[in-house]
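Thanks, everyone. I'll keep this short. Please look at the screen.

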Amino acid sequence: MSYQQEYRLSIEQPEQFWAKQAKNIQWFKAPRRILSKDENGIDRWFADGELNTAFLALDYHVLHGRGEQLALIYDSPVTGQRSTYTYNQLTEAVARCAGALQQLGVGKGDRVVIYMPMIPQAAIAMLACARLGAVHSVVFGGFAPHELAIRIDDAEPKVVISASCGIEVDRVIEYKPILDSAIAMATHKPEWCLIYQREQKPCNLIAGRDLDWSQTVARAQPADCTPVRGDDPLYVLYTSGTTGKPKGVVRDNGGHAVAMRYSMKVMYDMQPGDVFWAASDVGWVVGHSYIVYAPLIAGCTTILYEGKPVRTPDAGAFWRVCAEYGVKGLFAAPTAFRAIRKEDPECTQAGKYDLSKLKTIFMAGERLDPPTYDWVVKHLQRPVIDHWWQTETGWAIAGNHVGLDPVAVKAGSVTRPSPGYNVQILDAKGKPVAAGEQGIIAIKLPLPPGCLPTIWANHERFEAGYLNAFKGYYITGDGGYVDADNYLYVLGRTDDIINVAGHRLSTGEMEEVVAGHEAVAECAVIGRHSELKGEEPLGLVLLKDGVQIDEEQLRAELVQRVRDQIGAVASFRDAIVVQRLPKTRSGKILRKVLRNIANHEEYQAPSTIDDPACLAEIEQILKSKGLS
Ligand code: COA
Ligand code: AMP
């Protein structure tokens, strides 16, 4: 079927369209209700079907003759280790881990927090939860104890699964002390912690609470798959909102499985047996969807890579992995390619490897800037597909669907909406705008399968944050436009979220941390353009009256505060003292204007500005510090 036919059917007859897609996965009980409303009035897909996501990812393939095919390849340049799991082996490992969790009292609906580096046990733990119908919540390893504690308190896990350490290039990051202090900070206390001891840095276990992964799992009996309903939650993944409290995006089992299966085919053109590599981290949505669930549900081989695009050991790392394992589809964030380009501008490393199996390169996580796009196309000579999505949707809202009939790429555009996504550009009043005009990117309801139905333990926040602005629409938080040829352009967030090296972060959260410093009266944190990471945060700080503090000392203290409270991943490195912050007459800080100044963009001071002279003053300070 052509893209046009597929898209039209998905929008005009969504139930018929998705009922057909649902037939591509094996249900224990096929859904009779394809699209229905839940108790909150939210659209739900396949609510009354019964299935198990781990069964689809593992046992299904064992039962259908793929038991000896590779399911997962672990490649770790930071430890020099590699290992592989066939579908038989991965099924066995997951069933045993599920058995261990079951013995610890984990059952359907219980939460399990997973705080792990990029080792196979992270994927095994996720799938083990899915096997039991338990709800996992993976927390990215670069977050500090305070962030982990917030998530523990919100998800209230029975068990936390972690490892003794992670490895960042050549540095060992001890995870266990981070976990211990997070649990000390949290009000909710998990009953058990299951700890995978890594030889690079084993840790002490607390008697009565901590259990050694290897011993506990070795003793356990394999557990069977627990049937769950289509609308039962599979996982909660926290993502940055505009406040200090992250949002727990809920993913259900039924819609997710159907969307994963469908997207592997149409978005990535992956067939069973193909090798797919998402060079991301299991702590992010890309890792959930395209390292773990989708490739396995599709019967592909997935790669779990514990390394970076550069420095592990060089800018040829991506090409080595692609050549060694015969990767057909590579998916990474543009920032990774910018890092490679910086170290190997002529891409000479790629020439050293046999990349004949590599068909397509996919990018997402942040805007793919045309120079990066052009560089990759020039040096790799294969299709580069930009696609746009968010933690909330779980799969691409828009892209150039290589599994249907892809069209010519326009650099800077994410091409066209995925089937199921009725994308509309709205003005501030919620009215659709004309082609070429910028506006708010919204999705007309119903959202397709796989997208979030709520925020964990806070449904009001879901409605307030996404649905209430314009009746009948989901607001993406991104702005953009559609051109005369119907190509969609995503220009960036319209809220206080920034994207640092493909990592989504809240400037509001950073402001709360910076403002907590005793010398700070008020502050604004904005995203500043970065050659490598896309954006980087910059703090503009107003001191309390009478405070005398050396500016460099203050900067160092603020940087440390953000590292301690949010984590190294925030990449907060710059803070400068200003005399005034531009505000409206009602006292709202004009962050957008600050962003424009810091990024050398043209700006217009709004008529509501209280003190226009302060803008020139800030421009001057930024210039004097080499920041503008
Ligand atoms: N555990 C602990 N710390 C981590 C971590 C983890 N899992 N991931 C990152 N960090 C730390 C880094 O060590 C670094 O610490 P430092 O400030 O002490 O040096 C800090 O967090 C910032 O990390 P990062 O932004 O990743 O910068 P980097 O310089 O280490 O690497 C890139 C830059 C571009 C190579 C890297 O960001 C990258 O590969 N990005 C791809 C992004 C991605 O996969 N996004 C997912 C969406 S597709
Ligand atoms: P996350 O939830 O971490 O996946 O981040 C989602 C946000 O990243 C989106 O709302 C966008 O702002 C941005 N983003 C992701 N992919 C793209 C893309 N291909 N082009 C532009 N922005 C993107």
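How many residue pairs are in polar contact across the interface of domain 1 and domain 2? The rule finds 7, with both residues of each pair at pLDDT 80 or more. Helix 6, residues 145-155, gives the most to the side of domain 1 that touches domain 2: 3 residues. By class, that side of domain 1 has 10 polar, 5 nonpolar and 4 charged residues.

Keep in mind that this model is predicted.

Now the layout. Domain 1 comes in pieces: 3-33, 43-307 and 387-480. Domain 2 covers 501-624. Between their C-alpha centres there are 33 Å. Domain 1 puts 19 residues into the contact, and domain 2 puts in 14.

Next, area. Interface size is often quoted as the accessible area lost when the parts come together. Here, domain 1 and domain 2 bury about 1,100 Å² between them. Carbon and sulfur atoms give 44% of that area. Which residues of domain 1 lose the most area to domain 2? They are Ser-240, Gly-244 and Trp-284. Together, these three make up 36% of what the domain 1 side buries.

Last, charge. What does the rule find in the way of salt bridges across the interface of domain 1 and domain 2? It finds 1. Looking at residues, Arg-504 forms a salt bridge with Glu-392. The closest N and O atoms of Arg-504 and Glu-392 are 2.9 Å apart.

To recap: 7 residue pairs in polar contact across the interface, 1 salt bridge, and about 1,100 Å² buried between the two domains.

Technical notes: Residues are numbered from 1 along each chain as its sequence is written. Chains are lettered from A and ligands numbered from 1 in the order in which they are written. This is a predicted model: local features need pLDDT of at least 70, side-chain atom pairs count only at pLDDT 80 or more; totals for chains, interfaces and linings use all residues. Side-chain values use heavy atoms; hydrogens and water are left out. Domain bounds come from an automatic or database domain assignment. Contact means heavy atoms within 4.5 Å. Buried area is the accessible area (1.4 Å probe) that two parts lose on being put together, summed over both. A salt bridge is a side-chain nitrogen of Lys or Arg within 4 Å of a carboxyl oxygen of Asp or Glu. A polar contact is a pair of N or O atoms within 3.5 Å; within protein, one must be able to donate a hydrogen and the other to accept it, and residues adjacent in sequence count only if both atoms are side-chain atoms. Helices (H or I, at least four residues) and strands (E, at least two) are DSSP runs, numbered from the N terminus. Ala, Val, Leu, Ile, Met, Phe, Trp, Tyr, Cys and Pro count as nonpolar, Asp, Glu, Lys and Arg as charged, and the others, Gly among them, as polar.
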